[in-house]
Amino acid sequence: MRKSVDGQHTLVVNQGYADPFEPSGAKQWSARLLSRDGVLVSVVQSDASAEKADSTRRPALPLTIDQLSDIATSKQWEPVKAAVPQAPSPPEPPSTGRMAKREILRNLEKLIPGNLRISHQEGSRTGYADVTVDDGRGESLLAVSVQQWKPGRKELLPLFSEGKSLPGGGRIVTRRAPLRSHPDIVQWDVDVLYDDGRRVLVSELNSASFGTPVTRAAPVLPMEQIESIALATVWRGN
């Protein structure tokens, strides 16, 4: 369950299992509070020891899900959260022009299949926007970044060394990998770099956002559809 708290935080509670593919195994309940500035308070309990999920089982979990939520949302965390250093903003890529957030969202709405529900449109900077898409079986974050680099930038070459050449010039590469900070979340990327320096990166998660619990085994859109979105001609405008 996911709900907004005081308009500044999102509380996500989950009553599941340590291994989601083994429902007869150890239970694992969690309550996670994520603030808008990215600070996460995570409270997790299990009916098994942390070392071995299949041993030292309890007859019942000690706390209810409401008690877990009360701990995660407690005001006593405020001094701790205030002491967490703010993550530096990602460096802006060298560019000569990128697409406005509003235009990215407008184009993305046209490219996403009509059977999906779109919500939580975001995007705090030019050249980037994301939405949450849902097919009724769990939400996925879908993000688009449109960048304009100077042609031939050497720092981009390693990113596309394993990619394929495009018929009209440029390269495309696909990636599937878990997030380093949250290995249960998988990120699928389609990264396109054209010869004129225009770069289009489309990313999708099996979670509603970075840092929140997984909502499904795999992202909503298959890789082929992500690739189709990334290669759409609407991203080539100046």
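View A. The model is predicted: local features need pLDDT of at least 70, side-chain atom pairs count only at pLDDT 80 or more, and totals for chains, interfaces and linings use all residues. Residues are numbered from 1 along each chain as its sequence is written, and side-chain values use heavy atoms, with hydrogens and water left out. Arg 236 sits over the face of Tyr 194, 3.7 Å from the ring centre. Arg 176 lies over the face of Trp 188, at 5.1 Å. The criterion is CZ of Arg, or NZ of Lys, within 6 Å of the ring centre and within 35 degrees of the ring normal.

View B. Strand 10 spans residues 186–193. Of its 8 residues, 7 are buried (under 20% relative accessible area, 1.4 Å probe, protein chains only). Strand 9 (residues 171–178) pairs with strand 10 in the antiparallel sense, over 8 bridges; pairing takes at least two DSSP bridges. Ala 177 has Gln 187 of strand 10 as its bridge partner. Strand 11 (residues 198–205) is also antiparallel to strand 10, joined by 7 bridges. Here Asp 191 is bridged to Leu 201 of strand 11. Strands are DSSP runs of E, at least two residues; helices are runs of H or I, at least four.

**View C. The turn between strands 10 and 11.** This hairpin has 4 residues between the strands. Gly 197 takes a positive phi near 95°.

Terms used. Buried means under 20% relative accessible area, exposed over 50%, partly exposed in between (1.4 Å probe, protein chains only).
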